[in-house]
Amino acid sequence: MDAQDPLRHFRERFHFPKAANGEPYIYLCGHSLGLQPKTVREYVEQELKDWELLGVEAHFRGRHPWMPYHEFLAKQAARLVGAKPSEVVVMNSLTVNLHLMMVSFYRPTAQRHKIVIEGSAFPSDQYAVKSQLKFHGFDPAASLIELRPRAGEATLRDEDIVALIEREGDSIALIMLGGVNYSSGQAFDMQAITKAGHAQGCAVGFDLAHAAGNLLLHLHDWDVDFAVWCSYKYLNGGPGCIGGCFVHERHAHDATLPRFAGWWGHDPATRFSMGPDFHPTPGADGWQLSNPSILSMAALRASLDLFEEAGIENLRAKSLSLTGYLEFLLDHCASRKFEILTPRDPQRRGAQLSLRMKSAGREICDRLAEAGVLCDWREPDILRAAPVPLYNSYQDVYGFVQRFSALLS
Ligand SMILES: Cc1ncc(COP(=O)(O)O)c(C=O)c1O
């Protein structure tokens with residue numbers, strides 16, 4: 001399978017961390033922190049060089065001028081999420097962007113004030129939506145709807161999500177789900193959820209932390225109102241890297257939408273006139289607040305160039321096969337000391353499989369690291385492993401399951 005894989009050479013373009021014995025780890029943690037592309041250093045050094053040689057002048061005269069630097073990323077980021085470049089902006093980090101989006105798209109009234117999230121949403125999303133509810137004077141106990149699987153099931157059923165939206169739609173102001181749930185690895189039917197939400201008059205947004213660079217996304221065609229993501233997981237931008245944000249072009253010129261403003265969102269044609277009144281740049285760029293970190297964007301550009309070269313459709317095709325292989329090998333493990341939580345339907349998951357460990361799971365995760373495999377652990381009982389199509393091989397998957405199976409027995 002590796003010999004036939006047309007993307008196999010991309011693996012050589014990443015740094016693999018090494019275990020104490022000097023051997024590279026089998027790295028299955030791209031759902032947490034993607035590996036460093038070898039070109040990151042060169043991209044970042046280019047900006048350090050321009051800073052060294054040009055100082056402030058690099059804003060205009062640098063090889064990649066800093067003033068419009070975020071625009072260099074928009075086209076590639078847009079392709080990854082299925083958007084027009086004007087609908088995408090690279091800025092801030094995920095939770096900050098989520099708040100900014102909720103300022104514009106969570107507009108509760110006395111009748112319509114509820115927010116729908118997954119019961120197992122990433123904690124930062126839970127804190128963010130609860131704090132927004134409180135900020136608007138609502139009690140999360142009454143205004144937050146948390147989606148939970150049916151008794152005895154590990155993931156949500158698509159039809160149950162749509163049924164809830166249809167049942168409670170009148171009172172729902174915002175539906176805000178993960179594209180892929182961080183814990184179970186379940187991918188949601190974003191198109192169907194958006195359609196159902198809009199039919200009820202709700203705004204619909206997604207946290208794509210685990211979906212960007214992982215799934216094929218069509219945010220524009222799906223008519224999603226907004227989305228936010230981070231760039232340090234499947235997008236390999238490095239720890240704490242600058243995040244991204246999508247605002248559908250339907251909203252690009254809507255002057256009635258409230259938003260928090262900052263100078264970098266001001267129309268660049270008049271930004272430096274330094275006037276006191278805010279005139280937003282049309283499109284997602286108009287939601288920017290501050291001038292962004294060039295070094296962080298440079299690191300991300302290195303990775304997005306690799307995505308561009310590999311092609312997200314090719315990556316997704318390999319990912320389906322690679323994760324399918326992982327599932328196949330796990331299903332053939334003699335041990336029944338774990339179960340796969342992630343949906344079996346390949347369309348309802350990305351690269352990651354989440355394993356519920358029946359006992360000693362944490363210890364097994366630690367022992368795997370000692371045996372040269374990096375996965376991760378999420379309390380109370382979940383071991384997550386994600387073979388990433390850009391740099392993982394079938395051999396990696398095989399090596400992981402061999403060691404895992406040996407540890408279990
Ligand atoms: C699903 C999800 N949402 C939000 C966050 C928080 O991201 P940030 O620290 O960039 O705000 C994470 C971080 O891992 C995440 O996995």
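The legends below describe close-up views of a predicted model. Local features need pLDDT of at least 70 and side-chain atom pairs count only at pLDDT 80 or more, while totals for chains, interfaces and linings use all residues. Residues are numbered from 1 along each chain as its sequence is written, and side-chain values use heavy atoms, with hydrogens and water left out.

**View 1. The kink in helix α3.** Helix α3 (residues 69-81) has a kink of about 30°, centred on Lys 75. The bend at a residue is the angle between axes fitted to the seven residues ending there and the seven starting there. Helices (H or I, at least four residues) and strands (E, at least two) are DSSP runs, numbered from the N terminus. Gly 82 follows α3 and has a positive phi, near 70°.

**View 2. The buried residues of α3.** Among the buried residues of α3 are Tyr 69, His 70, Leu 73 and Leu 80; buried means under 20% relative accessible area (1.4 Å probe, protein chains only). Their cover includes α1 (40-54), β4 (88-90) and α10 (294-310), where contact means heavy atoms within 4.5 Å.

**View 3. An open sheet of four strands.** The strands run in the order β11-β12-β15-β14, with antiparallel pairing. At the edges are β11 (338-340) and β14 (376-378), each pairing on one side only. Two strands pair if DSSP finds at least two bridges between them. Three bridges join β14 to β15 (residues 382-385) in the antiparallel sense, and Asp 376 has Arg 384 in β15 as its bridge partner.

Notes: Buried < 20%, exposed > 50% of the residue type's maximum accessible area, 1.4 Å probe, protein only.
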